[in-house]
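This report walks through one protein chain. Please keep the sequence and the 3D view open while reading.

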Amino acid sequence: MASNKVEEIIEKYLQREVERGLNQLPGSIEPEMLAPGQEANQEWKTWLPIASTVTDEEIAAVEEKIKCKLPASYVKFLKYKHFYELHIGEATFCRHPLRTWQNALGNMILERHPNEYLYDIGLIPFADWSDWGLLCFDTRRNYFTADYPVVLWDHEVADNYTDYSMNFNVAIKKLDKEDERSWERDAE
């Protein structure tokens, strides 16, 4: 049942992107994700989330590349929807478009940030945090079950890691609650 709650949360925030018109990007959008009725020469294009086509073989290829098993809950997330942007509270998840999601995730994990503070010590980033950090799987813990805790890394204090949640599903639920509280405070 817990995973259904996570899927409901993901769906809620993807729908929020669409309802608020935040699902627009400059450049090319994969044809299957392009909203209908757009001119080919438009600079900004509207994308729509679609059902994921991620296969077990693609997951295995990513795990081989990063030399680490991904948490089952995160694999389920990857197999749920394709999207270009997903914001939940302070977290902005790695792009997950139809054909290039493996490159986007591999780039986030291996190339975008200093490996000596992350990948080299067992931290696998999966989402940006505001404009100052990352949410990462801490593969140094729970290695044999791959149900890693999630830590928050601050790029201003590169060797500082703060526990965020006990695993990915708990992180999604916590992000949702924090976002809801933020909206309530703003409404007051």
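## Helix H4 and its packing

The buried residues of helix H4 pack against helix H2 (56-66), helix H3 (72-78), strand S4 (81-82), S7 and S8. Contact here means heavy atoms within 4.5 Å. H4 itself covers residues 101-110. Its buried residues are Trp101, Leu105, Gly106, Met108, Ile109 and Leu110. Buried means under 20% relative accessible area, exposed means over 50%, and partly exposed lies in between (1.4 Å probe, protein chains only). Helices (H or I, at least four residues) and strands (E, at least two) are DSSP runs, numbered from the N terminus.

## Basis of the model

This is a predicted model: local features need pLDDT of at least 70, side-chain atom pairs count only at pLDDT 80 or more, and totals for chains, interfaces and linings use all residues. Residues are numbered from 1 along each chain as its sequence is written, and side-chain values use heavy atoms, with hydrogens and water left out.

## Overall build

The protein chain holds five helices and 10 strands. A compact globule of 188 residues would have a radius of gyration near 16 Å; the chain has 17 Å, which agrees. That radius is taken over C-alpha atoms, and the globule rule is 2.2 Å times the number of residues to the power 0.38. The C-alpha trace spans about 50 × 45 × 35 Å along its principal axes.

Of the 188 residues, 45% count as buried. Among contacts with a separation of 6 or more, 49% join residues 24 or more positions apart. The accessible surface comes to about 10,000 Å², and 50% of it belongs to carbon and sulfur atoms. These areas come from the Shrake-Rupley method with a 1.4 Å probe; for residues, only the protein chains shown count as cover. The chain has 21 positive and 34 negative side chains. The centres of the two sets lie 4 Å apart. Lys and Arg count as positive and Asp and Glu as negative, while His and the chain ends are not counted. Each charge is placed at NZ of Lys, CZ of Arg, CG of Asp or CD of Glu.

## The six-stranded sheet

Six strands form an open sheet, in the order S5-S6-S7-S8-S9-S10, with antiparallel pairing. Its edge strands are S5 (87-88) and S10 (161-165), each of which pairs on one side only. Two strands pair if DSSP finds at least two bridges between them. Strands of a sheet pair through backbone hydrogen bonds, either parallel or antiparallel.

At the S5 end, two bridges link S5 to strand S6 (residues 91-93) in the antiparallel sense. His87 stands opposite Thr92 of S6.

## Strand S8

Strand S8 (residues 133-138) is largely enclosed by the rest of the structure, because six of its six residues are buried. Both faces are covered. Gly133, Leu135 and Phe137 lie on one side, with Leu134, Cys136 and Asp138 on the other.

S8 has a partner on each side. Strand S7 (residues 123-129) joins S8 through six bridges, and the two run antiparallel. Strand S9 (residues 150-154) pairs with S8 over five bridges, again antiparallel.

## Asp128 in strand S7

Asp128 lies in S7. Setting aside neighbours within four places in sequence, Asp128 is in contact with Glu90, Ala91, Thr92, Met108, Arg112, His113, Gly133 and Leu134. Met108, one of the buried residues of H4, is 20 residues from Asp128 in sequence and 9.3 Å away in space, C-alpha to C-alpha.

## Loops and positive phi angles

Lys67, in the loop between H2 and H3, has a positive phi of about 55° although it is not a glycine. Lys67 is exposed, with a relative accessible area of 66%. Asn142 sits in the loop between S8 and S9. Asn142 also is not a glycine, yet has a positive phi of about 60°. At 40% relative accessible area, Asn142 is partly exposed. In the hairpin of S7 and S8, three residues lie between the strands, and Ser130 takes a positive phi near 45°.

Asn41 lies in the loop between strand S1 (24-26) and strand S2 (44-46). Asn41 counts as exposed at 69% relative accessibility. Asn41 and Val75 are 34 residues apart in sequence and 35 Å apart in space, C-alpha to C-alpha.
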